[in-house]
Amino acid sequence: MYKIVLLRHGESTWNKENRFTGWTDVDLTDKGVEEARAAGDLLRDEGYAFDVAFTSVLKRANKTLNIVLEHMAALWLPVEHSWRLNERHYGALQGLNKAETAAKFGDDQVLKWRRSYDVPPPALETGDERLTPNDPRYASLPADRFPHTECLKDTVARVVPYWETVIVPRVLAGDRILIAAHGNSLRALIKYLDGVSDADIVGLNIPTAQPLVYELDANLRPIRSYYLADEDTIKAAAAAVAGQGKAKA
Ligand code: DG2
């Protein structure tokens, strides 16, 4: 049996301001730092140790990972970064307030943009300063493939090849793996691992900085998965994430 741990980053400044973030490179809040510390302490206290970690090229995930590793006395751990683990690109919604967007377009439309499998948010127009294909962190991404928006299906299409070609060989080699990423890049991976239907993936919300353990069989199919925190805590945190996309009454 293999065991991997998935972790969404701690609260970011735009999570706090309830703004669509996507590939915008925002920092953690003080609360986010605290959440990351708590995640590291929890993993350490539960006896977890890792051989390699994978993360995105966005600082909210990178910093969360560093804080976790620091609290596990494992800052020396090899870390691989890839844009393929970035948050789903939120297109022209990036920067907008989620509740205000719901007030303008309706809760149902925002739910489709946030949680549907194949409805992408409105795309950024060519020339928009939020498109940064020349940023060196995207050197391995051809400029003409730099996303202007992404639905979850698009995110699955770039996360799964990374899982298959980079992470799976390490899992099969017996390495203990930590993946520190984002709400929707993790939803993409979970959809693939658990074979979640396009309809059911709408109801999946990932709380910040809560370690999620996957036990995998020899074929890397999930045997079971569970958060280390108690069920009530996770339910409340996931419901809070779901509620971020509703217009305020
Ligand atoms: C959030 C997720 O991404 O937003 O891009 O706004 O995980 O990097 O904070 P993260 C964003 P929702 O899909 O939950 O609205």
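The dialogue below goes from the whole chain to a single residue.

Mentor: This is a predicted model, in which local features need pLDDT of at least 70, side-chain atom pairs count only at pLDDT 80 or more, and totals for chains, interfaces and linings use all residues. Residues are numbered from 1 along each chain as its sequence is written, and side-chain values use heavy atoms, with hydrogens and water left out.

Trainee: How many helices and strands does the chain have?

Mentor: Helices (H or I, at least four residues) and strands (E, at least two) are DSSP runs, numbered from the N terminus. Here there are 8 helices and 6 strands, in the order β-α-α-β-α-β-α-α-α-β-α-β-β-α.

Trainee: What share of the residues is buried?

Mentor: Buried means under 20% relative accessible area, exposed over 50%, and partly exposed in between (1.4 Å probe, protein chains only). Of the 249 residues in this chain, 51% are buried.

Trainee: Where is leucine 212 found, and why does leucine 212 count as buried or exposed?

Mentor: Leucine 212 belongs to strand 5, residues 212-216. Its relative accessibility is 7%, so leucine 212 counts as buried.

Trainee: Which residues does leucine 212 touch?

Mentor: A contact means heavy atoms within 4.5 Å. Leaving aside residues up to four places away in sequence, leucine 212 touches Ile4, Val5, Leu6, Ile190, Tyr226 and Tyr227. Leucine 228, 16 residues from leucine 212 in sequence, lies 6.5 Å from leucine 212 in space, C-alpha to C-alpha. Across the chain, 77% of contacts between residues at least 6 apart in sequence join residues at least 24 apart.
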